[in-house]
Amino acid sequence: MKTFAVYIHVPFCHHKCIYCDFYSIIKFDGIEDYINSLLNEIDYYSTKYRDEYSIKTIFFGGGTPSILSAEQLEGIINHLKHKFQYEKEVEITLEANPGTLSKEKLETLNKTGINRISIGVQSFDDNDLEYLTRIHKAAQAVEMIKNAKDSGFNNISLDLIFNLPKQTKEKWIKNLDIAVSLPINHISCYSLIVEPGTILNKQVLDGKVKINDDDYDADLYELTIEYLNKKEFFQYEVSNFSKDGFQCLHNKYYWEYKDYLGLGPSSHSFMSGYRWNNYTALSLYNKQINNNGQAAINLEKLTDKQKLEEFVLMGLRSTGIDLTRIFEFDNKWFAKNEKIIKLLENEEYLVVEKSKIKLTTKGYSLCDEILLKFNY
């Protein structure tokens with residue numbers, strides 16, 4: 001029996017943050033229709049995959065999934081349990097905005113089956129939060145993380161963004177100091193990216209905001225890796241750090257090139273060698289589900305070369321290329337790249353272990369450039 005990960009996109013948000021390019025809507029009157037469509041989509045895919053797969057992880061992403069009530073989230077989880085085979089231990093993650101949480105809500109969420117919570121802090125500096133147009137204050141984020149622990153959550157993650165405009169190294173270190181002082185065991189640290197179509201992108205184009213250069217960004221990134229490793233948050237993917245035993249299992253399904261099913265508008269799937277995504281607009285998603293039971297577009301069967309390239313990319317960006325699996329895609333890949341691998345190893349960009357090729361801290365900061373050097 002194969003296992004797979006389930007991603008559920010919840011598109012509702014109180015407002016659109018200036019840097020965000022994920023699909024989200026700020027009207028809540030469509031929540032019930034969305035949930036009905038989601039349950040129907042679960043029904044459709046259960047008929048395809050129930051006999052072959054069992055669920056190992058569920059991840060509610062967004063948008064702001066914590067806008068949904070505990071009762072609504074529990075209903076979705078129970079429907080998945082009823083329709084699919086289910087592993088004995090399943091990681092269930094909820095992304096949450098501190099501004100949508102309270103101690104009472106956290107206590108009810110803890111009873112739904114959700115056993116991992118990822119809190120979108122982004123910064124512990126109120127000026128930065130105001131610039132990013134977040135709806136919470138730093139003190140509220142600290143309080144909600146502590147409340148999550150008191151409510152029974154033992155697997156708590158937080159998100160931070162570095163390389164914000166005018167962000168000094170001292171200011172970034174202060175963010176990390178506060179983060180590691182809290183009862184968390186996982187941190188995601190993302191460099192601020194100017195995505196097309198965002199408010200931030202317009203600010204940059206208009207000359208109202210200046211983004212720090214790539215060298216400064218790389219310095220902050222290497223500083224982050226060094227700092228968090230010293231605090232026993234070990235890097236297992238380009239942007240993710242965890243204490244021992246608290247790696248996000250859902251993340252690992254992506255990075256280890258395993259099967260995952262995306263549900264909800266704009267979600268993406270990779271199952272049995274096929275890839276597709278759902279319609280983005282909620283109205284179109286609902287319509288397709290109502291007519292067809294599913295809302296997939298851009299269905300693609302991957303070639304062996306595509307699989308190999310993606311397997312190498314995912315492996316290098318996380319815990320390394322698993323050489324025991326690469327033969328599933330091409331039994332000559334290592335021989336074709338042995339000279340390049342040796343050169344990169346001598347330059348301390350990667351290390352070769354018994355069954356893995358892993359990037360060093362130095363290599364992580366040049367991951368994209370290193371990937372271009374390999375032959376397929």
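In which strand does Gln 122 lie? Gln 122 is found in strand E4, which spans residues 116–122, where helices (H or I, at least four residues) and strands (E, at least two) are DSSP runs numbered from the N terminus. The structure is a predicted model, in which local features need pLDDT of at least 70 and side-chain atom pairs count only at pLDDT 80 or more, whereas totals for chains, interfaces and linings use all residues. Residues are numbered from 1 along each chain as its sequence is written, and side-chain values use heavy atoms, with hydrogens and water left out.

Although Gln 122 is not a glycine, its phi is positive, at about 75 degrees. The residue counts as buried because its relative accessibility is 8%, the classes being buried under 20% relative accessible area, exposed over 50% and partly exposed in between (1.4 Å probe, protein chains only). A positive phi, near 60 degrees, is likewise computed for Tyr 257, a residue other than glycine, which is placed in the loop between helix H9 (249–255) and E9 and is buried at 9% relative accessibility. A further backbone feature is the cis peptide bond from Gly 62 to Gly 63, with omega near 20 degrees; Gly 63 belongs to the loop between strand E2 (53–62) and helix H2 (70–83).

Strand E9 (residues 260–263) contains Gly 262, which is buried at 0% relative accessibility. When residues up to four places away in sequence are not counted, Gly 262 touches Tyr 7, Glu 41, Ser 267, His 268, Ser 269 and Asn 278, a contact meaning heavy atoms within 4.5 Å. Ile 297 is in turn the bridge partner, in E12, of Asn 277.

Strand pairing, which requires that DSSP find at least two bridges between two strands, joins E11 to strand E12 (residues 296–301) in an antiparallel arrangement through four bridges. Strand E11 (residues 274–278) also pairs with strand E10 (residues 268–271) in the antiparallel sense, over four bridges, and Met 271 stands opposite Tyr 274 of E11. The hairpin of E10 and E11 has two residues between the strands, and within this hairpin Ser 272 takes a positive phi near 55 degrees.

An open sheet of three strands shows the order E13-E15-E14 with antiparallel pairing. Strands E13 (321–322) and E14 (350–352) stand at the edges, and because each has a single partner strand, one side of each is left without a neighbour in the sheet. Three bridges connect E14 with strand E15 (residues 356–359) in the antiparallel sense, and Leu 350 stands opposite Leu 359 in E15. Helix H12 (residues 333–346) packs on this sheet, touching E13, E14 and E15, and its direction makes about 125 degrees with that of E14; here axes are lines fitted to C-alpha atoms, for helices over the stretch in contact, and angles run from 0 to 180 degrees between N-to-C directions.

The largest nonpolar core has 98 residues, and those with the most contacts inside it are Ile 8, Phe 60, Leu 80 and Phe 124; such a core is a set of buried Ala, Val, Leu, Ile, Met, Phe, Trp, Tyr and Cys residues joined through side-chain atoms within 4.5 Å. Helix H1 (residues 31–49) gives the most to this core, with seven residues. Beyond its neighbours within four places in sequence, Phe 60 has contacts that include Ile 8, Val 10, Leu 73 and Ile 92. A second, separate core of ten residues includes Cys 17, Ile 18, Ile 161 and Leu 200.

A search of the whole structure finds 18 aromatic pairs, for which rings of Phe, Tyr and Trp (its six-membered ring) must have centres within 6.5 Å, with planes under 30 degrees apart counted as stacked, over 60 as edge-to-face and the rest as tilted. Phe 12 and Phe 28 form an edge-to-face pair, at 6.5 Å centre to centre and 85 degrees between the planes. Phe 12 is buried at 0% relative accessible area, whereas Phe 28 is partly exposed at 32%. The pair of Tyr 260 and Phe 270 is tilted, because the ring centres are 6.1 Å apart and the planes stand at 45 degrees. Tyr 260 lies in strand E9 and Phe 270 in strand E10, so this pair ties together parts that are ten residues apart in sequence.
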